Amino acid sequence: MPRPTPPHGVPHVRGGHPEQREPGGAWGDTDTRGGATGTGPGPRVVTGPGVVPGPRQDYVAAFPEGREGRGPGVRPRAPRDPYASVTQWDTEADGGDYGNGDGDLADGADGGGRKRGRNRTMTVVVAAAVTTVVAVVVAGQLVGGGKGSEPQSRAAAGGARDTEDPASRSDRRPTPAEVQKKAPETYDDKMKKTYPLDAKLKASGDFDAIAGFDKAPGKGQKFRYRVDVEKGLGLDGKLFAEAVQKTLNDDRSWAHAGARTFERISSGRPDFVITLASPGTTGVWCAKSGLDTTQDNVSCDSAATDRVMINAYRWAQGAPTYGDEVKKKFGNVIHPYRQMLINHEVGHRLGFNHTDCTKSGQLAPVMQQQTKFLEHDGIKCKANPWAFPKS
């Protein structure tokens with residue numbers, strides 16, 4: 001007579017193979033008297049109150065614990081499950097060994113106890129299979145991996161690390177020295193650099209006085225000045241103010257031989273105001289004194305006002321006249337050009353007019369228009385930033 005359909009329907013397929021009942025195991029049907037109704041050889045399964053079916057004997061033999069006792073009716077001890085804390089499939093929702101409730105216990109002939117035993121067995125089998133697969137994968141990676149795996153880091157011959165190893169030092173990674181905090185730029189470092197600025201820029205027309213006080217270092221005639229920088233230039237106003245103070249009080253400048261000394265203030269009434277301004281604003285202020293600076297983008301001393309105007313474009317970019325020959329002599333071109341620019345325009349404020357060199361090979365006087373030319377009337381002059389260059 002064919003067997004009836006199990007209470008939960010046809011068993012599911014695992015791994016491509018349907019689950020099948022086997023003779024003599026916990027898969028046989030059990031009658032209400034505790035006897036096995038399955039056919040075929042194998043030990044008889046004892047059921048009833050107080051007795052919980054365990055795994056098949058061939059599974060039990062695989063564990064050292066064995067059985068708790070001998071003789072019929074003795075409950076076999078289930079093998080210890082090392083994964084119990086994370087793989088427990090408890091099907092008893094309401095307590096008791098055979099209660100029916102929300103714990104997915106079987107109804108009908110199979111009974112909840114037999115299904116629980118089956119789940120324990122499958123827990124052990126699945127855990128053992130997972131462990132085996134993990135061990136095989138790890139072993140394969142240690143040996144070298146299969147095709148398509150990522151390259152493994154290997155020691156180069158002689159014990160040195162492979163230079164292509166992403167964990168090794170290479171040109172793509174900074175050295176410890178490179179990641180150390182860089183020392184701040186010095187005054188000389190900044191004065192050797194050019195800075196971007198549009199030759200046609202016209203900024204806000206408003207000025208900020210550079211705060212601070214630089215005492216006159218000499219004993220000669222004192223000139224007090226203020227440094228203003230137009231807003232919106234994007235240039236270092238403090239660097240400009242420092243350059244003015246250092247340049248004017250250099251012995252090669254107008255402070256030569258202690259004749260004069262220059263002191264920077266930021267409040268009170270100055271003798272003049274040295275102003276760093278955009279080309280457009282420089283043109284506006286120079287025009288107040290009848291001077292046109294727009295044609296050659298130059299600076300001026302606006303004598304009708306208190307401002308000595310320094311064109312920010314020239315301050316930032318220099319002039320073509322200060323080129324390779326200047327670099328050979330001074331090491332760079334922009335620093336000496338800036339010194340000339342300050343000395344030339346302040347020279348006008350002190351009362352000096354334009355003059356040119358008179359013989360080829362001579363140093364150009366600081367009051368020569370060196371931004372515009374170093375050659376005139378067949379005479380070739382040499383660039384010179386100082387009023388007294390031989391001091």
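A disulfide is a pair of cysteine sulfur atoms within 2.5 Å. In general, a disulfide is a covalent bond between the sulfur atoms of two cysteines. Keep in mind that you're looking at a predicted model. There are two disulfides to find in this structure.

**Stop one.** Select C286 and C300 and show their side chains. These two form a disulfide, with 1.9 Å between their sulfur atoms. The pair links distant parts of the chain: C286 sits in helix α7 (residues 279-287), while C300 belongs to strand β7 (residues 300-301), 14 residues apart. Now look along the S-S bond of C286 and C300: its torsion is about -105 degrees, so this disulfide is left-handed.

C286 has 0% relative accessibility, so it counts as buried. C300 comes in at 5%, so C300 counts as buried too.

**Stop two.** Move on to C357 and C381. A disulfide joins them, S to S 1.6 Å. Check the torsion about the S-S bond of C357 and C381: at about -65 degrees, it makes the disulfide left-handed. C357 is in the loop between α10 (334-349) and β9 (375-376), and C381 is in the segment after β10 (379-380), so the pair ties together parts that are 24 residues apart in sequence. With the surface still on, you'll find that C357 and C381 are both buried.

**Last stop.** Select the bonded cysteines together and number them in sequence order. What is the pairing? It goes 1-2, 3-4.

Methods
Residues numbered from 1 in each chain as written. Predicted model: local features only at pLDDT ≥ 70, side-chain atom pairs only at ≥ 80, totals over all residues. Heavy atoms only, no water. Helix = DSSP H or I, 4+ residues; strand = E, 2+ residues; numbered from the N terminus. Buried < 20%, exposed > 50% of the residue type's maximum accessible area, 1.4 Å probe, protein only.
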